Amino acid sequence: MRLVSKLQTLVCSLNTRGSFMLHCAIAYYRVSTQRQGRSGLGLDAQRAAVEQFADAHGYDILEAFTEVETGKGSDALDRRPILAAALAAARRARCPVIVAKLDRLSRDVAFIAGLMTKRVPFIVTDLGADADPFMLHLYAALAEKERRLISERTRAALAARKATGATLGNRTNAAAAAARGRGVSIRAAEEFARSTLPLVLAIKQAGITSLRGIAAELNARGVHTARGGAWQVSNVRNVLARLDVEAPRRERAPSVSC
């Protein structure tokens, strides 16, 4: 599979003369929750939209990346290693990234602007192939405003309920709240591990099996850890341990017989 991908990339890179070839593309799909990821809700519709668009406009999908992660926040790229890997693959193949809807990238204007600096073209199927960066910024601004209006309406509704005497929030003791907070942190770490595991397994299938080698390859692909840092051996080991995946055994020095 890796050899086929390399051959496809080579074919798509011929005669580009330094510009991006519009006959090959990388597909990127995203859902926000593990439940959506397991059920396939949303993913099937995204795949259908991208595949239909590719067939209609003559694009060859070299590789597809699927991620389960929130799209909130202007720093979301640090929490989305699969998107970072998709960008790296598109940069290597000199081709665009296709998404079904703009909100699969983000509803945050700053985040969209940051993606534009990566010098990788994006195509949004429901906006059409002719949507330029200016249009993407415009639609992102509209989506961000819609999200802000929803948040304001929610806060207003909660304030109205509180004014009528309704009890809001969690009234349990601090110890229980701290335990729930730890549970949220653990679940967030597990979700990051699940989203990163396909990339780690792909690196292992490519022949890089040591923890140190996997960490180096993740760093080379521009993928960050959950905290936005560089990968170390311990980070890779922790990701595999969280998902109960057997880590590569440490290399031992050959024994010398006397």
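Close-up 1. At 7% relative accessibility, F192 falls in the buried class, where buried means under 20% relative accessible area, exposed means over 50%, and partly exposed is in between (1.4 Å probe, protein chains only). W231 is buried as well, with a relative accessible area of 3%. This is a predicted model, so to speak: local features need pLDDT of at least 70, side-chain atom pairs count only at pLDDT 80 or more, and totals for chains, interfaces and linings use all residues. Residues are numbered from 1 along each chain as its sequence is written, and side-chain values use heavy atoms, with hydrogens and water left out. The ring centres of F192 and W231 lie 6.2 Å apart with planes at 20°, so this pair counts as stacked. For the rule itself, rings of Phe, Tyr and Trp (its six-membered ring) pair if their centres lie within 6.5 Å, and planes under 30 degrees apart are stacked, over 60 edge-to-face, and the rest tilted. The two partners come from distant parts of the chain, 39 residues apart: F192 is in helix α7, and W231 is in the loop between α8 (211-220) and α9. Helices here are DSSP runs (H or I, at least four residues), as are strands (E, at least two), numbered from the N terminus.

**Close-up 2. The second largest pocket.** F192 and W231 turn up again here, in a lining that also includes A189, A193, T225, R227, N235 and R242. Two elements give two or more residues to this lining, α7 (174-205) and α9 (233-242), and α9 gives the most, with 4 residues. Sorted by class, the lining has 7 nonpolar, 3 polar and 2 charged residues. The space inside comes to about 310 Å³. A pocket is an open set of points on a 1 Å grid over the protein atoms alone, where a 1.4 Å probe fits, with protein on both sides within 12 Å along at least five of seven lines; lining residues have an atom within 4 Å of a point.

Close-up 3. The ring rule gives 2 aromatic pairs. In one of them, F53 and Y59 have ring centres 6.0 Å apart and planes at 20°, so that pair is stacked too. Both F53 and Y59 are buried. Over at Y29, the charged end of R47 sits over the ring, 5.6 Å from its centre (NZ of Lys or CZ of Arg within 6 Å of the ring centre and within 35 degrees of the ring normal).

**Close-up 4. Salt bridges.** The whole structure has 5 salt bridges, each a side-chain nitrogen of Lys or Arg within 4 Å of a carboxyl oxygen of Asp or Glu. K101 and D126 make one of them, at 3.6 Å from N to O. That bridge links distant parts of the chain, 25 residues apart, with K101 in the loop between β3 (97-99) and α5 (109-116) and D126 in the loop between β4 (122-124) and α6 (133-163). K101 is partly exposed at 44%, and D126 is partly exposed at 44%. D103 pairs with R104, the closest N and O atoms being 3.0 Å apart; D103 is buried at 18% and R104 is buried at 14%.

**Close-up 5. Helix α8 and what follows.** R221 bridges to E217, with the closest N and O atoms 3.0 Å apart. R221 is buried at 14%, and the buried residues in α8 include E217, L211 and I214. G222 follows α8 with a positive phi, near 80°.

Definitions and conventions
Grid points are joined across faces, edges and corners, and a volume is the space filled by probe spheres set on the points. Ala, Val, Leu, Ile, Met, Phe, Trp, Tyr, Cys and Pro count as nonpolar, Asp, Glu, Lys and Arg as charged, and the others, Gly among them, as polar.
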